[in-house]
Amino acid sequence: MKYIDYYETLGVPKTASDKEIKQAYRKLARKHHPDLHQGDAKAEAEEKFKLINEAYEVLGDPDKRAKYDKLGMNWKAGDEFNFDPSNMDGGYTYTYQGPSDFDLGGFGFSDFFANIFGQDFARSRQGGGRTRRANRKGEDVDAEISLTIDELIHGVEKEMYLSAPNVCAACEGQRVTQRGVCRACGGTGVTEDTKTVKVKVPAGLYPGASLRLKGLGGKGYGDGPAGDLYLHIRAAQNPSWQIDGSDLEADLMIYPDQAVLGDKVQVPTPHGQVQLKIQPGVHAGQRLRLKNKGLPKGGGTFGDLYLRIRIDIPKDQSEEERELYRKIHELRQTAKAD
Ligand SMILES: [Zn+2]
């Protein structure tokens, strides 16, 4: 029989985490679902779909994956492979003791799979596996939420539309029915349902933080509890301030006289107006730091607000002002000549 490289099938490295394997599998199962294809492409998709499900049946199960990995990493897909159970470590011996009328072919698995996992697979599908799996925590859900600066600082309560995975009703999350790979869920064991959840975002969350909301994920399997919602916090773009992590940056426009002589100005910050002292001789491009006037940084602390000095000319200059600038200009010329 031919060796099948299940890692290659799912397009993941041999070091892939359980989560990466699950993600790769879901993506491929959706892409190659036979119901989404027609004609010649349908038959091709069906073959692909079967193989993807077989790969996940193995790599998605820690025991099967360990056993598969033990077969050896050096095999390449398509190599002629003779399964010799005595090569397996840990006292594993292969004797198929499943019920004789149990038809693995019905599940569309390869000879390779049937030889290596036939026994385990048959057992896991024989009631015992079903009850063991029955009461399980629902799927955890990841979602992103964009919050305004004000919402980050003060907290907010929001309604969110979520696509949350729920246990497939057709196969009860078993991914296969007696007729083969479950069509209703594409063999994923879960169906994506949209739902609205009300989330309470506390004050002081920082961009990049994750919030775990217990019980707001997918429904539990059987009597199992619902999964959790992991809300990843992002900062929404803001027209007044550029956001850099928990720091903010903005331009501060001042006039030449303020730059030369210094001044006190009122500047807006997310935490309200602040009086800022401009030192005499400030340069264009210089950054003034307003400590703790940025976004939350976690632990009740805040980032900083940076104001970049820009120097502009008043548009409504009077003749008197211009006369004084002329005077300054003359003095500059003399200074340069010296
Ligand atoms: Zn299903």
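I started at Lys64, which is found in helix α4 (residues 62-70). Helices here are DSSP runs of H or I with at least four residues, strands are runs of E with at least two, and both are numbered from the N terminus.

This is a predicted model, in which local features need pLDDT of at least 70 and side-chain atom pairs count only at pLDDT 80 or more, while totals for chains, interfaces and linings use all residues. Residues are numbered from 1 along each chain as its sequence is written, and side-chain values use heavy atoms, with hydrogens and water left out.

**Lys64, continued.** I looked up its accessibility. Lys64 counts as buried because its relative accessibility is 4%; buried means under 20% relative accessible area, exposed over 50%, and partly exposed in between, with a 1.4 Å probe and protein chains only. I then checked for a side-chain partner and found a polar contact between the side chains of Lys64 and Glu57, at 3.4 Å. A polar contact is a pair of N or O atoms within 3.5 Å; within protein, one must be able to donate a hydrogen and the other to accept it, and residues adjacent in sequence count only if both atoms are side-chain atoms.

**Whole chain.** I noted 9 helices and 15 strands in the protein chain. Of its 338 residues, 41% are buried. I also took the contact range: among contacts between residues at least 6 apart in sequence, 62% join residues at least 24 apart. Contact means heavy atoms within 4.5 Å.

**Zinc site.** I listed the donors of the zinc ion as Cys168 (SG), Cys171 (SG), Cys182 (SG) and Cys185 (SG), at 2.2 to 2.3 Å. Donors are N, O and S atoms within 2.8 Å of the metal (3.2 Å for Na, K and Ca); water is not among the atoms, so sites may look incomplete. The spacing of the donor residues in sequence is C-x2-C-x10-C-x2-C. The arrangement is tetrahedral because the 4 donor atoms subtend angles of 103 to 116 degrees; for four donors the label requires all angles to lie between 85 and 135 degrees. I found Cys168 and Cys171 both buried.

**Nonpolar cores.** I used the term for a set of buried Ala, Val, Leu, Ile, Met, Phe, Trp, Tyr and Cys residues joined through side-chain atoms within 4.5 Å. The largest has 39 residues, and Val199, Leu229, Leu231 and Leu252 touch the most other members. This core draws at least three residues from each of domain 2 (141-235) and domain 3 (242-337), with bounds from an automatic or database domain assignment. Apart from it lies another core of 28 residues, including Tyr25, Tyr68, Phe81 and Val176.

**Gly138.** I placed Gly138 in the loop between α6 (128-134) and β1 (141-147). Its relative accessibility is 8%, so Gly138 counts as buried. Beyond four places in sequence, the contacts of Gly138 include Gly218, Tyr221 and Pro225.

**Ser246.** I found Ser246 in the loop between β8 (242-244) and β9 (247-254). Ser246 counts as buried, at 11% relative accessibility. A polar atom of its side chain lies 2.8 Å from the backbone oxygen of Pro296. Not counting residues up to four places away, Ser246 also touches Tyr206 and Asp304, among others.

**Asn292.** I checked the backbone here: Asn292 has a positive phi of about 65 degrees although it is not a glycine. Asn292 sits in the loop between β12 (287-290) and β13 (296-298). Asn292 is partly exposed, with a relative accessible area of 41%.

Conventions. Four donors count as tetrahedral if all angles lie between 85 and 135 degrees; four count as square planar and six as octahedral if opposite donors are over 155 degrees apart and all others between 65 and 115; anything else is irregular.
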